[in-house]
Amino acid sequence: MEKRAFGTTGQQFPILSFGAQRIVDEHGCSEEDAVRIVHRAIEAGVTYFDTAPSYSAGQSEQRLGLALEGRRSDVWIATKTHDRTRDGSWRLLEASLKRLKTDHVDEWRLHNIMTMEELDACFAANGALKALQEAQEQGVVKKLSISGHTNPSVQLEALERFAFDSALVAVSAPDHLIYSFAHEFLPKALERGTAVIGMKVFALGKLAPWYEKALQYTWSLPVSTAIVGMETMDQLERNLAAARSFRPMTEVEQLEFLKEIAHLATPDVLRWKASEWTSGQWYQRP
C-alpha cells in the first residue's frame with residue numbers, strides 16, 4: 001500500500017487506516033471476529049487505528065485493546081473525547097487507557113466539534129483542550145487532534161487558535177458538494193503542516209454502488225490517510241485490494257464522479273451536515 005507523510009509529525013501511514021467503530025455487537029461483529037479482523041489488518045500492513053469511548057459505550061476500545069495485546073508497539077492508536085471540559089475529558093481518557101490496555105495513546109482528539117460554541121467551550125480556561133495539553137505534557141498522549149463532520153469553518157477557526165497535529169474530517173464525494181472540507185479546509189491544513197485523516201468515505205453506505213470509486217476519490221485528495229469502518233473480513237479484504245491497486249483519479253475523472261453522485265448531496269444522506277444533526281435529533285452524545 002502507498003504510504004504518506006502524517007503532516008509534520010515525522011510519521012508515515014498507509015492510505016488505508018482502520019476505523020474501529022464497527023467491530024462491535026451493534027454492527028453484528030463478535031469479539032472473536034473483531035480480534036481476527038484486527039490481526040489480519042496488522043498482518044496486511046495497516047498501522048493506524050481509530051476509536052472513541054462513545055463507540056458502543058466503550059466496546060470498540062475494549063475490543064481493540066484485546067486485539068492489540070502483544071502488538072501495541074506495531075500500531076498507532078487514536079481515540080477521542082466527546083466531553084468539552086478538562087475534568088470530564090480526563091475521566092474519559094483514564095477509562096480509555098484501561099479499555100485499550102495501554103499506558104498511552106498516540107493521538108487524542110476533540111470529537112466532532114460542530115459549532116463555534118462547542119469550540120469556544122473546548123478552548124475555555126477549563127475546557128477539553130486543557131486536558132489534551134496536560135496529557136501531552138505528561139506523556140500520556142503524543143499528538144493532539146480535532147475532528148469535524150459538519151462545517152469546515154469551525155475546524156479552520158480551530159487551526160487559527162491552536163497548532164493541532166492532525167484533523168479528522170468528512171471527505172466523501174458528496175461531502176465535496178456542500179460545506180466542503182476538501183475545498184475549504186484541506187488547503188489551509190496542508191499549508192500549516194496539519195495531517196488530514198479522511199472519514200465518511202462511503203457516506204454511511206450510500207456510496208456502496210460505487211465502492212472502489214468512493215475509496216479512489218478520497219485517496220486522490222491530499223489526505224494523509226483515510227479511516228474506513230470494517231465489521232467483516234470480506235470488507236477488510238476488499239478495502240486492502242482497493243488500496244493495493246489504487247491510482248489517483250484525474251481531475252476529469254473526479255469531476256465525472258461528482259456529477260454521477262451529485263443527487264446524494266441531500267440532508268437525508270449527509271446527515272452530519274443537516275440542521276437536525278447539530279440540534280441533536282440524529283446525533284446524541286453519551
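In which sense do strand 4 and strand 5 pair, and over how many bridges? Strand 4 (residues 48-50) and strand 5 pair in the parallel sense, over three bridges.

## Before we start

This is a predicted model, in which local features need pLDDT of at least 70 and side-chain atom pairs count only at pLDDT 80 or more, while totals for chains, interfaces and linings use all residues. Residues are numbered from 1 along each chain as its sequence is written, and side-chain values use heavy atoms, with hydrogens and water left out.

Helices (H or I, at least four residues) and strands (E, at least two) are DSSP runs, numbered from the N terminus. Two strands pair if DSSP finds at least two bridges between them.

## The barrel

Let's begin with the sheet. Eight strands form a closed barrel in the order 3-4-5-6-7-8-9-10, with parallel pairing. On average, neighbouring strands of this sheet are turned by 30° against each other, direction ignored. Such axes are lines fitted to C-alpha atoms, for helices over the stretch in contact, and angles run from 0 to 180 degrees between N-to-C directions. Strands of a sheet pair through backbone hydrogen bonds, either parallel or antiparallel.

Strand 5 is mostly covered, with six of its six residues buried; buried means under 20% relative accessible area, exposed over 50%, and partly exposed in between (1.4 Å probe, protein chains only). In a regular strand the side chains alternate between the two faces of the sheet. In strand 5, W76, A78 and K80 point one way, while I77, T79 and T81 point the other way.

On one side, Y48 has W76 of strand 5 as its bridge partner. From strand 4 the chain passes through helix 2 (residues 59-67) to strand 5 in a right-handed β-α-β crossover. Right-handed means that, with the strands pointing away from the viewer, the path from the first strand over the helix to the second runs clockwise. Strand 5 is also joined to strand 6 by four bridges, and the two run parallel. K80 stands opposite R109 in strand 6.

In the loop between strand 5 and helix 3 sits R84. Is R84 buried or exposed? R84 is buried, with a relative accessible area of 13%.

## The nonpolar cores

A nonpolar core is a set of buried Ala, Val, Leu, Ile, Met, Phe, Trp, Tyr and Cys residues joined through side-chain atoms within 4.5 Å. The largest one has 84 residues, and those with the most contacts inside it are F18, V38, F49, L93, F185 and W219. Helix 1 (residues 31-43) gives the most to this core, with six residues.

Contact means heavy atoms within 4.5 Å. Leaving aside neighbours within four places in sequence, F49 is in contact with residues including F18, V38, L64 and W76.

In helix 5 (residues 128-137), the buried residues are A128, L129, A131, L132, E134 and A135. They pack against several elements, among them strand 5 (76-81), helix 3 (86-100) and strand 7 (141-148). Just after helix 5, G139 takes a positive phi of about 80°.

In helix 11 (residues 251-261), Q254, F257, L258 and I261 are buried. Why are they on the same side of helix 11? They cover an arc of only 100° around the axis, which puts them there; the arc is that of the directions from the helix axis to the C-beta atoms. The face turned away from the buried side of helix 11 carries the exposed residues V252 and K259. The buried residues of helix 11 pack against helix 9 (211-219).
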